[in-house]
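Hi,

Here is the structure I said I would pass on.

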Amino acid sequence: MKDCQPDGRGGRPHSTPPHTPSRKPLIPSERSDKRMTLPSRFQKEVHAHLSRNPQQSNAPSNLIESATPAKSKLPHSAPYSPKLEQSRLKEVLNKHCNGLWVSKLPQLYRELYKKDLPIEALKDLENWTHICTIEKPCSSKPQELLLYPAKGISQSPTTASAATPPTQVTSPTHQKKPQTQKPSPISQPRSPATSEALPPDLKQRLGELILKYSSGLWAHALPKLYQDTYKSKLPEFVLDNLTLLSDICTIDYPVPDNPKRAILYAKVVEDEHHNQSGSADSQTTETAERRLSIQTVPPLIIPREEYPSVLVVEAADTNSVILRYIGENYSKAQEKLEDEMREFYRQDNTKIVLTSPSPGQLTAVRAEEEDEILRAQVCEVMPDKVKVYYVDHGFSEDISRSKLLDLHEKFLRLPFQATKCKLAGLGSFSREPAVLKRFESVASGKILLAEILEREEVPLVVLYDTSQDDDININAACLKALQDKSLESPLKVNNSYMHVNVTSVCSDGTIYCQVPSRGLAKLNDILEKTENYFHSQVTSESLVSRPFCGKSCLARYKGKWSRVEITNLHGSRVLDILFVDVGVQASVEVIELREIPPPLLRDLISIPPQALKCCLADLSMSVGSWTPDAVQWLRDTVLHCSECTMRISKVDNKRLAHVYLFTNKNVQDTSCSLNQQLADSDLWNHQKDVFLSSRGPSKSSLTIPVSTQTVDKALHTPRRRSPPGSQGTPPGSPTKHLSLPPALVLPEVGENIDVFVSVACHPAHFVLQPWQDMYKLVVLMGEMILHYNKTEEKPLKVEKNQICAAKVDNNWYRVLVKGVLNNGMVSVYQLDYGKHELVRCTRLRPLIQEFCQLPFQAITAQLAGVKSRHWSEEASIVFRNHVEKKPLVAQLESQQGASQLWDRKVVVYLVDTSQEERDMWLHDIMAEFTDEWTNAA
């Protein structure tokens with residue numbers, strides 16, 4: 001259980017592993033004159049890098065151990081799984097045995113799986129000769145390629161991939177050779193007897209459950225999910241024979257050694273006749289579109305990035321918010337178009353007035369500033385005026401007829417820029433005046449980030465305002481406008497409250513309380529109705545299939561349903577939530593969440609959170625003030641006390657209540673308060689950095705209760721039992737008998753491997769990760785989050801060269817302790833990402849054996865084909881710009897063994913195969929840079 005305070009931020013999404021070390025090049029004023037004589041080819045990228053990092057200085061030539069990554073702010077996205085996409089491609093081709101146009105594949109994929117085809121898969125098609133065959137009937141254009149199911153012999157050559165590296169590249173001395181992918185050596189479960197075949201009703205129910213989770217469902221979660229949803233037990237033979245589900249789902253095995261740890265992905269079964277008729281209709285539509293292509297404006301394509309910048313125009317309905325995308329192919333293209341229109345209509349012979357406008361007609365309009373010409377559409381024609389809609393700006397206006405000009409067809413090339421979106425989580429309140437008023441105040445006219453959840457014709461989005469210190473979730477802010485302020489927990493200074501329920505104590509001394517009130521009474525009544533609702537419902541409709549940051553839903557707390565808000569997503573399966581009425585944070589799987597029942601939605605949304613955020617008056621909340629022992633004493637004293645009394649001393653501008661807390665009713669005598677008891681105890685009188693040490697409990701004049709239950713036990717999360725023989729190991733001590741993961745299998749010398757470069761300092765030092773198993777690492781990190789965020793242990797007794805788990809930002813990593821500092825900070829090396837970090841020793845935990853199955857993924861490397869040298873800062877910048885955070889192909893030149901897995905080093909050629917014209921070898925680029933630099937000097 002996490003005990004830190006929520007900040008309302010999520011984790012920024014990335015389809016690549018997060019957190020690469022920050023770089024600190026010299027600022028321009030500190031550079032030598034040589035920098036100004038850079039080879040012309042490289043000047044632009046070096047200068048661009050420096051302009052993006054003006055504050056950085058004094059870059060070391062090796063990794064920076066003290067570098068702290070920028071805090072991520074938005075949710076993570078799921079990784080690309082080639083095996084899954086290959087399986088889905090087979091299904092699509094099975095429905096189109098006679099072939100299909102590659103240009104039609106994204107549409108068919110979206111219809112089948114309700115999500116976009118990853119661009120990586122589209123670029124990898126020609127690599128998958130065991131899945132499909134590609135023919136070029138009359139053109140080499142990608143849109144005019146034909147796709148067929150694979151034939152007996154692979155016919156198509158292999159080409160490069162941009163987002164996912166192909167498995168082959170031209171070696172320095174050999175020609176390109178296609179490399180087919182080998183199937184995973186997984187022993188498939190034996191098919192069941194005929195008597196155990198899935199009954200139709202069971203198959204239908206399982207299909208409904210799997211369909212709710214488009215990003216996949218763990219097979220081991222099926223029994224509980226089935227029991228909770230349908231109030232009956234799932235037959236045991238289903239998990240033992242997952243192949244029974246192969247006609248309703250695709251089965252993926254991310255853990256090859258354990259076939260029962262499978263992920264199930266839904267198949268969408270459609271009527272074959274419907275598909276045929278739909279195909280005929282689409283062909284007819286396509287023909288008609290080709291005929292009209294000259295006269296019509298192309299549709300606006302949603303940006304590929306997950307978080308495009310948008311300018312919000314207005315909203316009369318949250319299901320129809322008008323906005324414009326910001327970017328090179330959007331707002332900048334529009335500005336260029338309007339500049340061209342202004343020049344064009346300055347000529348007298350082009351100012352053709354539109355004398356007989358009609359509704360729906362496109363026109364050019366002279367704006368109030370006579371120099372501006374805008375594209376518009378006629379909405380309504382009146383005797384002396386015309387109502388027009390500005391198709392690029394998203395608003396309407398009544399104007400004089402004399403301002404209408406004939407719109408030349410060359411200005412129809414750019415899609416109309418004003419478009420619409422739906423705000424996630426607000427569908428039931430889309431026209432509520434309070435919601436629209438709040439939206440007007442926090443979003444209209446601002447440039448925001450849009451998280452695109454569903455890429456439909458009208459996309460489903462979450463908007464974020466990142467212009468301030470704290471990011472604002474616009475959707476959540478609008479929903480809070482429906483709260484009834486009269487139901488807030490009372491906060492009156494100098495008032496005393498009895499029967500206070502302290503629900504959470506955080507590590508910085510912040511506490512959350514429930515005070516008897518009208519809002520709390522109403523909340524308990526509605527939650528009781530919620531229990532009855534779920535007991536009486538047998539349906540999958542309440543499952544949360546589309547989680548997003550800021551979403552309000554329900555989760556179990558102390559065995560009952562309680563309100564939660566999603567605060568962060570770790571991929572598509574694991575997420576962080578805040579129990580808003582008790583102030584407790586937790587990490588859970590998405591299958592543990594439920595939608596708020598529609599009949600109770602308005603009532604539950606109208607009640608403000610009932611957890612009062614407080615701190616103990618007269619006790620500092622500064623860093624280091626609260627020792628772990630002081631926090632534990634306070635938890636043991638108040639969390640299970642039913643007779644707590646509280647007096648409010650003051651309330652600051654952030655609604656933080658400073659209180660005196662009592663376990664008796666004598667609220668007038670502050671000397672009897674828990675505040676005073678703590679202040680007078682040895683737990684409070686300590687050295688500033690004591691809280692960073694890993695010492696045992698200190699002596700104190702306070703009496704520690706025998707029952708030491710903590711917050712995480714309130715959630716009924718059992719602690720994992722120690723393995724046999726380890727019962728005598730004290731809590732927090734190093735794991736003595738941890739079996740290390742197997743060594744990462746590297747290719748033979750001269751062979752190729754798809755890699756991702758997670759860290760790049762210079763050609764003599766960078767870190768690779770094998771691309772093929774990257775999604776297994778994402779699965780592992782999700783499991784670590786679930787385990788460590790649900791257990792609360794004493795800090796680890798840290799030793800150098802110890803392997804353990806460390807919490808960095810919102811994630812848990814497998815790390816090697818490189819050094820222990822006197823101030824309680826620990827230098828660690830991330831064994832899967834190759835980064836160095838400084839963390840507090842309180843954020844380290846023992847690494848359990850379950851998390852030692854996957855080999856450590858970081859591979860230290862240096863570039864082959866270049867002379868060993870001291871690399872200049874400019875050369876390092878060029879190298880980083882070409883490789884860091886990019887998928888590449890590595891060809892092994894040699895490897896250096898070592899006694900420890902993490903000390904192994906490889907020498908590799910790196911190849912960027914993202915360009916269709918040619919492959920780019922990094923040693924050639926660096927050699928060219930070095931030669932030009934030398935000549936320029």
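Below is what turned up on helix packing and on cavities.

One thing to keep in mind: this is a predicted model.

Helix H2 covers residues 82-95 and helix H3 covers residues 105-113; their axes come within 11 Å and cross at roughly 100°. With that angle, H2 counts as roughly perpendicular to H3. On the H2 side the contact uses Glu85, Arg88, Leu89, Glu91, Val92 and Lys95, while H3 brings in Leu105, Leu108, Tyr109, Leu112 and Tyr113. Sorted by class, that contact holds 7 nonpolar and 4 charged residues, with no polar ones.

Next come H5 and H6. Here helix H5 (residues 200-212) and helix H6 (residues 222-230) have axes that come within 11 Å and cross at roughly 105°, which makes H5 roughly perpendicular to H6.

Helix H12 (residues 518-536) packs on helix H13 (residues 598-606) at an angle of about 160°, and the axes are 10 Å apart. Because the cut-off for roughly antiparallel is anything over 145 degrees, H12 is roughly antiparallel to H13. The crossing of H12 past H13 is left-handed. From H12, the residues involved are Lys522, Leu523, Ile526, Leu527, Lys529, Thr530 and Tyr533, and they meet Pro598, Pro599, Leu600, Asp603, Leu604 and Ser606 of H13. That contact divides into 8 nonpolar, 2 polar and 3 charged residues.

How many cavities of 30 Å³ or more does a search of the whole structure find? The search gives 9 of them. I looked into the second largest cavity, which has a volume of about 160 Å³. Its lining is made of 16 residues, and those nearest the centre are Phe856, Ala858, Ile859, Leu901 and Arg904. Two strands, E34 (859-863) and E36 (905-912), are the elements that give two or more residues to this lining. By class, the lining of the second largest cavity has 13 nonpolar residues, 1 polar and 2 charged.

Cheers

How values were computed:
Residues numbered from 1 in each chain as written. Predicted model: local features only at pLDDT ≥ 70, side-chain atom pairs only at ≥ 80, totals over all residues. Heavy atoms only, no water. Axes fitted to C-alpha atoms, helices over the stretch in contact; angles between N-to-C directions. Helix = DSSP H or I, 4+ residues; strand = E, 2+ residues; numbered from the N terminus. Parallel < 35°, antiparallel > 145°, perpendicular 65-115°, else oblique. Left-handed = near helix turned anticlockwise from the far one by under 90°. Contact = heavy atoms within 4.5 Å. Nonpolar A, V, L, I, M, F, W, Y, C, P; charged D, E, K, R; others polar. 1 Å grid on protein atoms, 1.4 Å probe; cavity = no way out; pocket = protein on both sides within 12 Å on 5 of 7 lines; lining within 4 Å. Points joined across faces, edges and corners; volume = space filled by probe spheres on them.
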